[in-house]
Amino acid sequence: MANIQIDNYSLLIQKLDAFIRKFYLNALLRGVLYTTAIVVGLFTLINLGEYIFYFSTALRKVLFYGFIGVSSVALIGWVLLPLLHYFRLGKVISHEQAAQIIGNHFANIKDKLLNILQLRQQHYHNVDNAALIEASIKQKSEELRPVPFVAAINLTNNAKYLKYALPPLVFLLGIMAYSPNIIRDSTARLYDNNTVYEKPAPFTFAVANNDMRVVQYNDYKLEVEVDGTTLPSDVFIDVEGFEYKLQKDANNKFSYTFTKVNDNTKFRLTANGYNSKSYELSVLKKPNIQGLQVAVDYPAYTGRKDEQLENVGDLVVPAGTNITYLLKAANANEMSVRYGYKTAAQATKKIGEDMFSFGIKAMNDLRYTLFLSNQNLKNADSVSYAISVVPDQYPAINVQQFKDSQNVNKVLFFAGDASDDYGISKVVVNYKVEGEKRAISQQTMPLKGASGTATQFEYTLDVAKLKLLPGDKVTYNFEVFDNDGVHGSKSTKSSTMVYEVPTAK
């Protein structure tokens with residue numbers, strides 16, 4: 001008898017467990033229908049609204065994440081939790097709660113089923129009356145043995161909830177079959193809720209320019225074509241919140257000129273309340289010289305002190321001057337220099353990111369041109385300068401001869417002055433003696449004290465010391481030499497003078 005009692009009670013518990021699983025299966029089916037109705041209905045409603053009204057980015061963001069949130073709550077609460085409980089994962093209803101639910105369906109067993117569970121609890125705590133309790137459990141369990149607990153739940157009753165799930169589902173499927181772009185485009189815009197989308201106009205804007213780039217500080221003419229069933233009479237351009245009217249060139253062609261563009265410029269076209277997508281006019285930064293330093297190294301013989309000049313490109317310098325240029329350039333990665341007009345340009349030396357250097361030794365007048373380039377613009381800017389070279393001048397000399405009126409002692413007196421632009425190295429007297437009875441002899445004698453850029457000198461020629469014979473003559477002149485350290489010393493001679501001894505005849 002004990003075995004029959006245990007079997008009856010175990011069967012009772014198995015039937016309760018089967019009821020609990022069916023209870024959650026019923027909840028799962030109902031939850032799937034509820035979730036379908038909520039998710040599909042909300043999805044269709046939001047997409048239709050976006051398709052018609054083109055919501056703002058903020059509203060699209062709220063709708064997108066709101067839909068995710070509502071769908072997640074419905075899916076978790078109505079589908080995922082009942083599914084977990086069906087597999088007895090998590091907290092499920094107790095046997096007592098199941099008994100109450102079954103009792104509400106089978107009114108005649110409500111108290112008996114609950115009483116059996118309560119007696120079973122008393123059996124473990126009341127040892128004195130254990131036999132009596134077991135007998136009562138046996139009797140009541142035997143009475144409930146034929147009752148099908150799972151019949152308390154009719155799964156087909158969930159069909160009534162189809163009226164919530166089927167209409168939105170059928171409506172959505174109909175839209176996707178008839179015009180799938182409604183759902184596809186709207187969903188894409190809702191997902192990309194950071195991008196501004198404008199409602200399509202009855203016409204389209206088309207920018208005719210192939211290249212949306214302009215060289216910095218240049219003008220740029222934007223050409224626009226409008227195509228559609230209804231064409232606007234006027235088109236405007238929105239630049240940083242300011243609208244400007246485009247010039248109408250033809251019925252469907254418009255233009256606008258950006259003047260002296262300095263930076264990248266974003267804009268969009270608008271007409272009759274419809275806006276185009278955003279465009280951007282990109283600026284190709286133009287290289288330009290920002291600073292010029294010139295180190296002038298004058299030839300040492302000139303005595304001029306070397307100089308450092310700022311932003312001076314045109315120079316006047318002595319021949320042989322070494323000039324070193326250091327230039328600072330913006331938006332340039334290459335600089336070349338061309339000397340004259342026919343020579344090829346030569347690369348300069350790049351120092352750091354924006355500095356360039358090159359040198360010139362000025363020997364003759366020279367015009368040179370600097371060309372600046374970057375990765376986008378080759379020789380985009382140029383500037384020309386001129387160097388005027390002042391050549392070293394020949395020295396000047398002036399000599400006067402003074403003779404004794406009696407000329408008894410045959411002594412000649414000379415006084416003179418000499419000058420040079422940078423300096424005199426020496427002054428000499430040259431004389432040559434020639435005659436019929438003697439060989440020609442020449443001699444050069446430097447004069448003492450001849451220096452500086454200007455000097456005066458005196459010289460006495462004692463002809464008697466030359467021991468001239470009748471018919472001999474002496475030709476002589478004075479010569480001054482400069483200190484030209486580039487081309488070599490240059491000289492200038494005075495006029496040649498003659499002293500002649502008369503013959504006996």
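The model is a predicted one. Helix α2 covers residues 57–86, the largest pocket holds about 400 Å³ of space, and N477 sits in strand β26.

**Helix α2**

- Helix α2 is made of 30 residues, and at 1.5 Å a residue these should span 44 Å.
- The buried residues in α2 include R60, F64, F67 and S71.
- Further along, A74, V79, P82 and H85 are buried in α2 too.
- As background for reading such a pattern, an α-helix has 3.6 residues a turn, so residues three or four places apart point the same way.
- After α2 comes R88, which has a positive phi, near 60 degrees.

**The largest pocket**

- If you want to find the largest pocket, start with Y197, E198, N275, S276 and K277, which lie nearest its centre among the 18 residues that line it.
- Helix α7 (180–191) and strand β1 (203–207) each supply at least two residues of the lining of the largest pocket.
- Strand β1 provides the largest share of this lining, with three residues.
- By class, the lining of the largest pocket has nine nonpolar, four polar and five charged residues.

**The second largest pocket**

- The second largest pocket has a volume of about 200 Å³.
- Its lining is formed by 14 residues, and those nearest the centre are V239, E240, Y256, F258 and T265.
- Two strands, β5 (242–245) and β7 (253–258), each give at least two residues to the lining of the second largest pocket.
- Of the elements that contribute, β7 gives the most to this lining, with three residues.
- The lining of the second largest pocket divides into six nonpolar, five polar and three charged residues.

**Residue N477**

- You will find N477 in strand β26, which runs over residues 473–482.
- N477 has a relative accessible area of 9%, and because buried means under 20%, N477 counts as buried.
- The side chain of N477 makes a polar contact, at 3.5 Å, with the side chain of T496.

Definitions and conventions:
Residues numbered from 1 in each chain as written. Predicted model: local features only at pLDDT ≥ 70, side-chain atom pairs only at ≥ 80, totals over all residues. Heavy atoms only, no water. Helix = DSSP H or I, 4+ residues; strand = E, 2+ residues; numbered from the N terminus. Expected span 1.5 Å × (residues − 1). Buried < 20%, exposed > 50% of the residue type's maximum accessible area, 1.4 Å probe, protein only. 1 Å grid on protein atoms, 1.4 Å probe; cavity = no way out; pocket = protein on both sides within 12 Å on 5 of 7 lines; lining within 4 Å. Points joined across faces, edges and corners; volume = space filled by probe spheres on them. Nonpolar A, V, L, I, M, F, W, Y, C, P; charged D, E, K, R; others polar. Polar contact = N/O pair within 3.5 Å; in protein donor to acceptor, adjacent residues only side chain to side chain.
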